[in-house]
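Subject: Structure for you to look at

Hi,

Here is the structure I promised to pass on. Could you open it and keep it on screen while you read the rest?

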Amino acid sequence: MQRTEEVMKRAGNLVLGTPGVGHIVNIAGFSGATFTNAPNAGAIFSTFVPYDERARKGLSAGRILADLHRRLHDIDVALSPASQAEISRHSIHRTPQSCD
């Protein structure tokens with residue numbers, strides 16, 4: 001679990017440092033793909049800054065996600081191929097405030 005916490009802390013810092021990301025919830029020991037507990041799993045849930053702020057900077061949801069994929073790619077132990085597929089399928093959950 002210690003290694004999971006270290007990796008999740010690093011990943012959380014990368015996500016939070018991504019332009020357009022407003023807030024994160026970082027959970028070590030929880031699989032976001034299966035919604036089960038596991039010592040070698042982790043999930044990061046994030047929100048984007050409001051659309052008007054992002055639009056002025058050219059930060060569409062797709063651009064932010066591409067940046068997140070690039071940043072997290074360097075943490076090879078953090079994302080298995082199955083996890084990457086889950087990210088691709090479930091990354092954008094639109095609300096009326098986040099549409100772009």
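Below is what turned up in it, starting with the overall layout.

Some housekeeping before that: this is a predicted model, in which local features need pLDDT of at least 70 and side-chain atom pairs count only at pLDDT 80 or more, while totals for chains, interfaces and linings use all residues. Residues are numbered from 1 along each chain as its sequence is written, and side-chain values use heavy atoms, with hydrogens and water left out.

**The layout**

The protein has 4 helices and 2 strands (DSSP runs numbered from the N terminus: H or I of at least four residues for helices, E of at least two for strands). Reading from the N terminus, the order is α-β-β-α-α-α. Of its 100 residues, 24% are buried (buried is under 20% relative accessible area, exposed is over 50% and partly exposed is in between, using a 1.4 Å probe and protein chains only). The exposed surface comes to about 6,700 Å², with carbon and sulfur atoms supplying 55% of it (areas are from the Shrake-Rupley method with a 1.4 Å probe; for residues, only the protein chains shown count as cover). Among contacts with a separation of 6 or more, 54% are between residues 24 or more positions apart (contact means heavy atoms within 4.5 Å).

**The hairpin**

Strand 1 (residues 21–31) and strand 2 (residues 36–48) pair in the antiparallel sense, over 9 bridges (pairing needs at least two DSSP bridges between the strands). H23 sits opposite T47 in strand 2. There are 4 residues between the two strands, and F35 lies in that loop. Its phi is worth a look: F35 has a positive value, near 55°, without being a glycine. Most residues other than glycine have a negative phi.

Why is the pair of F30 and F35 edge-to-face? Because the planes of the two rings are at 80°, with the ring centres 5.5 Å apart. F30 is buried, at 15% relative accessible area, whereas F35 is exposed, at 57%.

**T4 and its contacts**

T4 is in helix 1 (residues 2–16) and is buried, with a relative accessible area of 13%. A polar atom of the T4 side chain lies 2.5 Å from the backbone oxygen of P39. Setting aside neighbours within four places in sequence, T4 is in contact with A28, G29, P39, N40 and A41.

**The core**

Which residues form the largest nonpolar core? There are 10: V7, A11, V15, V21, L59, I64, L65, L68, L72 and I75 (such a core is a set of buried Ala, Val, Leu, Ile, Met, Phe, Trp, Tyr and Cys residues joined through side-chain atoms within 4.5 Å). Helix 1 and helix 3 (61–73) each supply at least two residues of this core, and the largest share, 4 residues, comes from helix 3.

L65 lies in helix 3 and is buried, at 14% relative accessible area. The C-alpha atoms of L65 and V21 are 9.7 Å apart, although 44 residues separate the two along the chain. L68 touches V15, T18 and V21, not counting residues up to four places away in sequence.

Cheers

Key. Rings of Phe, Tyr and Trp (its six-membered ring) pair if their centres lie within 6.5 Å; planes under 30 degrees apart count as stacked, over 60 as edge-to-face and the rest as tilted. A polar contact is a pair of N or O atoms within 3.5 Å; within protein, one must be able to donate a hydrogen and the other to accept it, and residues adjacent in sequence count only if both atoms are side-chain atoms.
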